[in-house]
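Colleague: Please take a close look at one part of this model and tell me what is found there. A connected account will do.

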Amino acid sequence: MIIAPYYLLPQLPESLTGLAELALDLRWSWSHASDTLWQHIAPELWEQTRNPWLILQNIGGDTLQRLAQDKDFIAMLNTFVSEHREHLTQKGWFSKTYPHPPFSQVAYFSMEFGLSESLPIYSGGLGILAGDCLKTASDLGIPLLGIGLLWQQGYFRQSLDDCGRQIELYPYNDPTQMPITPVRDAEGEWLRLELPFPGRTVHIGGQGRIVGHQYTPGTRC
């Protein structure tokens, strides 16, 4: 056994470390080629959550050892990891069409991004539209960076009482169960930024917000 590359996960056998890499790439939320991988690991939990990160957090040691000895599973995992890394390095439509763009990256600010039910930081059409923009940019290779907020509560859950009246439930978003990790600086510390506002400076540090797909510290005034 080796130490897992991500501190929120159990220790993964060396042959299974690629699972963490795949779980944090939200491309699985719209490209379903790797669904069979997660279904094989935990079919019931996958059906209930569609959250690979949550599956890795709840997988038992005996299951990990069994998968680590499963040659067919390891071969399937290695194939998906290789395809994932190739996708990250290959040139997309944007770089082929604009080999020398006048900018290095485009910032997309939105109050919500609807990327996946496993990341419930959206509540309606704006979030779905913003999420679709990020997904399309990813497929086209456009250097687009989504900047938003890690909401403590996302969209509400609807239920009915005994009289048929709607009851709104607002479940708490636990960042540790979402497929996100802290943004860190060159020294490995949580990223800390200062934003100039009229009459004050807002410090981003501590715990609680999200930038793009990565979990970053919260805001203090």
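Modeller: Helices (H or I, at least four residues) and strands (E, at least two) are DSSP runs, numbered from the N terminus. The part I take is helix α8, which spans residues 125-140 and includes Leu 140. This is a predicted model, in which local features need pLDDT of at least 70, side-chain atom pairs count only at pLDDT 80 or more, and totals for chains, interfaces and linings use all residues. Residues are numbered from 1 along each chain as its sequence is written, and side-chain values use heavy atoms, with hydrogens and water left out.

Lys 135 also belongs to helix α8. Lys 135 is buried and lacks a salt bridge. Buried means under 20% relative accessible area, exposed over 50%, and partly exposed in between (1.4 Å probe, protein chains only); a salt bridge is a side-chain nitrogen of Lys or Arg within 4 Å of a carboxyl oxygen of Asp or Glu. For Lys 135, the nearest side chain of opposite charge is that of Asp 132, 4.2 Å away; in this count Lys and Arg are positive and Asp and Glu negative, while His and the chain ends are left out. Leaving aside residues up to four places away in sequence, Lys 135 contacts Ser 29, Trp 30, Gly 114 and Leu 115, where contact means heavy atoms within 4.5 Å.

Leu 140 has 30% relative accessibility and therefore counts as partly exposed. As for the chain around the helix, there are eight helices and nine strands, and buried residues account for 36% of its 221 residues.
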